Amino acid sequence: MTNKIFGRRQVLRGAVLTGAGLAGLPLLGAAPARADTADYTTRAAFDALDLGFNGGDGLKNETNESFGQLGWGESYILQAYLLMYEAHGDTHYLDKAADHIDSVLANRDHLRGVTDWKDRSLPGWRLGHPYSCGELFLTDASGDRILRLRSPRAYSTLIQVTVGEGTAPGTFKLYAKHPLPSFNKPGDPCEETHDNLSMDPSSPDYVIRRLWDEFSVSDVGLTAKDLRPQPGPGPNPAPLAATMAAPYFHSSVHTGQITYPIAKYARLVARSPQLRRSRTLRARAADYYEAASTALHIHDDEIRTTSTAGALYGYHKGDPVNLDGSDLPHNYSTSMARGWLELAMAGRDPHPRVRAEALVRNFRDDIRRLPDGTGSWTYYWTGGDCYRGWTRESGISENMPAIGAGTRGEDISHGHIEVTMAVTAHQAGVLFSTPDLRMLANTLTRKVFKTQDGRPVTSTWVDGSGVTTGYRQIVAGWLGLAPFAEDRTAMIGTVHQMIRDTKPAPGPVTIYAAAWLNWAVRTSR
């Protein structure tokens with residue numbers, strides 16, 4: 001999703017730079033000569049990418065409301081500045097990070113005076129299109145809301161809904177269509193019609209019951225909620241033709257993505273005697289610690305504990321999302337865990353470490369350790385609702401009455417969040433051991449790295465299956481494993497060549513990738 005969203009925003013092609021760096025490092029397999037000889041392990045390359053994207057301002061002035069531009073964009077730029085500070089020791093990058101962080105913090109909901117779907121103005125960043133459910137309120141003739149329609153489809157603000165008279169007297173009809181063809185089989189439009197509906201709960205055609213029974217994950221997926229104080233026989237909804245809205249909510253993965261570098265800034269200052277000498281930096285780090293902690297705490301009531309002392313995040317039933325009522329993918333909890341881990345290293349409060357340890361344990365215990373020295377894991381926690389799937393009878397979700405088992409493996413893109421969490425946990429001394437990180441490094445070099453037409457590419461999934469060119473930039477996020485690799489030089493060189501092969505244009509992911517290359521060359525020995 002990150003590359004798709006921000007690829008459209010990349011306005012310049014990367015400058016071709018020269019330098020020694022990794023130009024001659026061995027790669028996987030023989031490779032023909034390429035025109036791009038830029039050295040993305042240098043400050044010059046990073047600075048060119050940074051300044052080439054909105055003049056170095058990145059996405060710091062955006063909100064997270066549409067397309068999650070902070071969670072899936074600006075957060076990578078913030079991480080990149082801190083990686084560059086670690087790589088080069090130049091406080092210029094701390095200053096850049098602070099400039100961006102201050103803007104991001106200024107755009108929190110409670111400072112902008114905006115609210116989420118529960119009318120809460122929180123010290124975080126609300127999210128809407130295209131991640132929230134589609135929502136539309138139907139009214140009676142007097143304008144009172146009597147029915148709420150929802151669809152769990154992404155990009156739901158494109159869903160067109162028509163309300164009219166039903167075929168049978170005294171009934172009404174709902175028609176809904178999602179215009180994007182990718183939601184169904186080619187030539188089979190994503191639409192549904194429900195005729196002869198009733199507002200009477202005692203009727204077999206009661207709209208709530210009919211939509212629940214006729215729900216199909218392959219179509220628009222309409223569900224309804226009766227908003228009347230005392231449901232009973234009554235007037236039908238007024239005729240209407242409208243598109244759905246995207247209610248605002250708070251997502252733990254977005255909060256985790258945004259707060260992780262903010263908390264890391266606080267930790268870098270707290271753990272550096274040199275940086276702590278500056279009153280300005282100490283005060284700033286204290287403010288960032290508090291801001292990150294407060295934002296992470298927004299999701300405290302979404303924590304689910306396991307029988308093995310682990311924890312993960314979930315959504316409440318009824319939240320305007322497609323997995324309401326269920327646990328969430330590993331990248332949600334590991335994203336949050338990174339922030340808690342950084343706070344644990346930055347301060348003396350024991351709570352962040354306790355919270356982080358439970359989150360780390362749940363992910364670590366879900367990794368399958370294979371005889372070949374590599375590891376594999378799935379997108380969803382194998383002990384959870386999403387992994388098993390659910391039926392209408394389970395009553396787990398309001399917006400997704402039934403869904404099949406989600407047993408797919410983890411992909412390389414989401415996997416980089418989990419890998420960076422594992423590296424951070426090791427740094428904090430929380431559960432992930434050196435052998436664990438060697439296993440993950442082996443997974444990258446033995447399974448994820450592939451070749452296609454003589455060029456290095458990646459597998460699609462962390463178990464090594466599938467081949468894709470689409471993850472060549474984001475795989476740089478795995479370079480925190482370089483210190484644990486069998487051949488550190490080859491690992492970095494392979495990633496470097498993949499970045500070159502994309503001829504990167506300035507944007508959040510390319511800035512992030514170049515920062516990781518700078519970091520890996522200079523700090524992973």
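Leaving aside neighbours within four places in sequence, Tyr248 is in contact (heavy atoms within 4.5 Å) with Glu65, Thr115, Asp116, Trp117, Arg126, Leu127 and Gly128. Tyr248 lies in the loop between strand 7 (240-243) and helix 7; helices (H or I, at least four residues) and strands (E, at least two) are DSSP runs, numbered from the N terminus. With 26% relative accessibility, Tyr248 counts as partly exposed, where buried means under 20% relative accessible area, exposed over 50%, and partly exposed in between (1.4 Å probe, protein chains only). Val217 is 31 residues from Tyr248 in sequence, and their C-alpha atoms are 22 Å apart in space.

The model is predicted, so to speak of local features takes a pLDDT of at least 70, and side-chain atom pairs count only at pLDDT 80 or more, while totals for chains, interfaces and linings use all residues. Residues are numbered from 1 along each chain as its sequence is written, and side-chain values use heavy atoms, with hydrogens and water left out.

Another loop, the one between helix 5 (109-112) and strand 1, holds Pro130 as well as Asp119. His129 and Pro130 are joined by a cis peptide bond, with omega at about 5°. Asp119 is not a glycine, yet its phi is positive, at about 65°; this residue is exposed, its relative accessible area being 61%. Asn196 also has a positive phi, near 60°, and is likewise a residue other than glycine. Asn196, though, sits in strand 5 (residues 190-197) and is partly exposed at 23% relative accessibility.

Three strands make up an open, antiparallel sheet in the order 1-2-6, with two strands taken as paired if DSSP finds at least two bridges between them. Strand 1 (134-139) and strand 6 (223-226) are the edges, each pairing on one side only. From one strand to the next, the twist averages 25°. Strand 2 (residues 145-151) and strand 6 run antiparallel and are joined by 4 bridges; Arg148 has Lys225 as its bridge partner in strand 6. Helix 6 (residues 207-214) packs on this sheet, where it touches strand 2 and strand 6, and its direction makes about 155° with that of strand 6. For such angles, axes are lines fitted to C-alpha atoms (for helices over the stretch in contact), and values run from 0 to 180 degrees between N-to-C directions.

Turning to the nonpolar cores, each is a set of buried Ala, Val, Leu, Ile, Met, Phe, Trp, Tyr and Cys residues joined through side-chain atoms within 4.5 Å. The largest has 117 residues, and the members touching the most others are Tyr265, Phe432 and Trp478. Not counting residues up to four places away in sequence, Tyr265 touches Leu82, Leu94, Ala97, Ala98, Ile101, Leu281, Arg284 and Tyr288.

An α-helix has 3.6 residues a turn, so residues three or four places apart point the same way.
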